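Here is a short briefing to read with the model open beside you.

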Amino acid sequence: MAYVPIADRGQEMSHPHSWVTKYVWSQDHKVIAIQYSITAIAVGVVAMVLSGLMRLQLGFPDTFSFIDPNQYYQFVTMHGMIMVIYLLTALFLGGFGNYLIPLMCGARDMVFPYMNMLSYWVYLLSVLILMASFFVPGGPTGAGWTLYPPQAIAQGTPGIGAGILLMLISLGVFIVAFTMGGLNYVTTVLQARTHGMTLMRMPLSVWGIFTATVLGLLAFPALLVSAIMMTLDNLIGTSFFMPAMVSMGELNEHEGGSPVLFQHLFWFFGHPEVYIVALPAFGIVSDLISTHARKNIFGYRMMVWAIVGIGALSFIVWAHHMYVSGMNPYFGFFFATTTLIIAVPTAIKVYNWVLTLWRGNLQLNVPMLFAIGFIFTFTHGGLTGLFLGNVVVDLPLSDTYFVVGHFHMVMGVSPVLVLFGAIYHWFPKITGKMFSETLGKWHFWLTLLGTYSIYLPMHYLGFLGVPRRYFAFDGTDFIPASAEAANVSITVAALIVAATQILFFINVIYSLFYGKKADPNPWGATTLEWQTPQNPPEHGNWGDELPRVYRWAYDYSVPGAKQDFIPQNVPPEAVEKAE
Amino acid sequence: METILLFIAAAIVTCLTYLWRNQITEKPWLTAGAIEDDASGVSDEIDPAARTGLMVFLAVVTSVFALFISAYFLRMELNDWRPLPEPGLLWVNTLLLFIGSFGMQAAWNAARREDKRGIQNGLLIAGAFTLAFIGGQLWAWQLLSDSGYFVYSNPANAFFFVFTGLHAIHLLGGLWVWLTTTHRLWSGAHLETVGLRVELCKTYWHYLLIVWLVLFALLLST
């Protein structure tokens, strides 16, 4: 049988007829993207509430009797795990990956729509399993989001019964869901691009999501492997990770296991995970900046190479999370060197964003504000990363609030700003409605200034030596009163930022029902998703014929052209000349 | 961690070679216009998506096994490690899996000849011997447990059970596809639609045979 390229196949899709097949058991990548996004944001709100409770305890100790030390650790653990995996990974790849890949590549759908649908429902299952752990006896695990053994499954840690088990099972189920989605994203990018869409004509959003998916497919197995081994240690008494130790006055049943083995496996996943979240953010923010600066992205090839290079490097830096676990000094030297080398491609990207802004025709609308905000927060978070990448600096700072400030800046605030920017940017395409600019700007400024008021003082607390992970600081004389005042102010800022997010939900929900009807291409963007025949695009995306691509994604303000953008599907002879 | 790093290095080289062959050095801002012969944008790649999907999936599975093997080497260095005697039955099981993989190859060869009877015979051999292999592995578990080598009594035992169990789970997943393919074939599906499935099954079975040979060699040599 002769092989027919996907782009040349007729429309073989069976369109759904009932409400259930259209919106619930949907195989349409756009509906699945929205399902993923709503679930991820909902579980993210839970994690945000948990962080608020943590801040209440830290800002006003001895005030809230309903927060005890065990609960505090449970909040810390669940907040971290939910934010990193169930919100950021799922929203960038399951949400934006699903929505953007087929539309930006000019495909009708993902190549395996049924598996794509399964991916979402299995993801939802993993979220439900995780949420169930709040309601089991003993509550969720309080082992910290890194789940280090032996304490993760040793007596004395909250949630060592059902809590840790549900966490491990939920992670396993999540990885199955991610693998099903990831196979789709990679194969769709490789096999289902439309005519003319060469790899180097793909928008950087697709490059970022694609590379992050490849990283995820190779790195998530490390989490799966460690989860399987820890489950066995926990349930049937093997000793992969669990050493012999006296716990609560009793000798445990294990012998000889290696907790450091777990750390290696965990961080072999954990460090690429940072880039699984960061690379899609890099890609999306590049597109936002280029579109709203009405200028082609500066150094497109370098941007692509930097994404690929960062992805490759991310596999050989994992042990920089383990300096304090003790290691051969030569290893420390090696991992410090590779860690600092990552700064090179990352700095290239930051320079290129700034150079794209340089003398651009900047449109300071809401998506652009979030994109520029990202450049600030990411640079600040990245620079403190240079501190912590060095062994001698990391050792004293590792267990302090400096690290909390660093990673929240670089992989908390920064990707979240991109997510908000991306939601505002594609809102007119996804819903067909415009959002309120005023509310969006309030949301941006309060969030940006608020998060700075939260995380900048944390670096100062870190320099003072305030330890992280502590429930309260009673009897720690070295902590000055100013640190306590800073904690109060951080808590107030955190509550304000949390409340500010209500503006976002009001804006989205109000605009969805009462927003002005959106133009099909309100930003004057070049990429294919803005050129669909209907707005929002229908099942199958492109009507009878797939678009043909004639140019790269960044033909903005081309000299001699009448309009300041030329969509990717406009052939050279059809470009209107300026008069 | 050498094993997983070797695999990641191989994966990175593969990705970079692919990107290089697909003009990652092109300057797209200079080349506006239609592009000739660019079926689905992937100019020199004419594989169906399912084949690419399977290859990516096999990369994920390799990552899982490479990580387990890395963990095996790291854990082996600690002084409580006591190697266990591998039952001789494993040699018989290996032969069974060989025949199963051979059956898949025969089915695929028959599919290329469009010989329905040949596909049926090949699939039957593959399924029967793979099931026999899994049964044999369970028997090996039983033998070990009977002689006091429980999963929890030593990390070497634990790794043995995890390796064989994980491998068998992957085979069971393959058998599910085998079952649906066989069902389709017997209920009169068109040969062309079955052909791709048989081909993918063949690749998967050969892959799992190689994984088993690597694991078996590792268990024997340590």
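In which helix of chain A is the place of L512(A)? The answer is helix α15 of chain A, where helices (H or I, at least four residues) and strands (E, at least two) are DSSP runs numbered from the N terminus. This is a predicted model, in which local features need pLDDT of at least 70 and side-chain atom pairs count only at pLDDT 80 or more, while totals for chains, interfaces and linings use all residues. Residues are numbered from 1 along each chain as its sequence is written, chains are lettered from A and ligands numbered from 1 in the order in which they are written, and side-chain values use heavy atoms, with hydrogens and water left out.

**A nonpolar surface patch on chain A**

- L512(A) is partly exposed, with a relative accessible area of 37%; buried means under 20%, exposed over 50% and partly exposed in between (1.4 Å probe, protein chains only).
- A nonpolar patch on the surface includes L512(A), V45(A), V49(A), F505(A) and Y514(A), and its residues have about 1,000 Å² of accessible area together.
- The elements that give two or more residues to this patch are α2 (29-59) and α15 (481-514) of chain A.
- With eight residues, α15(A) gives the most to the nonpolar patch.
- Patches are made of residues with over 30% relative accessible area and no salt bridge, like charges being joined within 9 Å and nonpolar side chains (Val, Leu, Ile, Met, Phe, Trp, Tyr) within 5 Å.
- Accessible areas come from the Shrake-Rupley method with a 1.4 Å probe, and for residues only the protein chains shown count as cover.

**Where chain B meets chain A**

- The contact takes 57 residues from chain B and 60 residues from chain A, contact meaning heavy atoms within 4.5 Å.
- About 4,800 Å² is buried between the two chains, and carbon and sulfur atoms give 75% of that area; buried area is the accessible area (1.4 Å probe) that two parts lose on being put together, summed over both.
- On the side of chain B that touches chain A, the elements giving two or more residues are α1 (2-21), α2 (49-76) and α5 of chain B.
- Among the elements on that side, α2(B) gives the most, with 15 residues.

**Salt bridges**

- Over all chains, the count comes to nine salt bridges.
- D555(A) pairs with R551(A), with the closest N and O atoms 2.7 Å apart, and both residues are buried.
- K562(A) and E576(A) also meet in a salt bridge, at 3.6 Å from N to O.
- In chain B, R113(B) and D115(B) form a salt bridge at 3.1 Å, N to O.
- R113(B) is exposed at 55% relative accessible area, while D115(B) counts as partly exposed at 25%.

**Chain B and its residue L175(B)**

- Chain B has six helices and zero strands.
- Its C-alpha atoms fill a box of roughly 70 × 45 × 20 Å along the principal axes.
- Of the 222 residues in chain B, 50% are buried.
- L175(B) lies in helix α5 (residues 155-186) of chain B and is buried, with a relative accessible area of 8%.
- Leaving aside neighbours within four places in sequence, L175(B) is in contact with G127(B), T130(B), L131(B), I134(B) and W205(B).
- L175(B) and C201(B) are 26 residues apart in sequence and 8.9 Å apart in space, C-alpha to C-alpha.

Note on methods:
A salt bridge is a side-chain nitrogen of Lys or Arg within 4 Å of a carboxyl oxygen of Asp or Glu.
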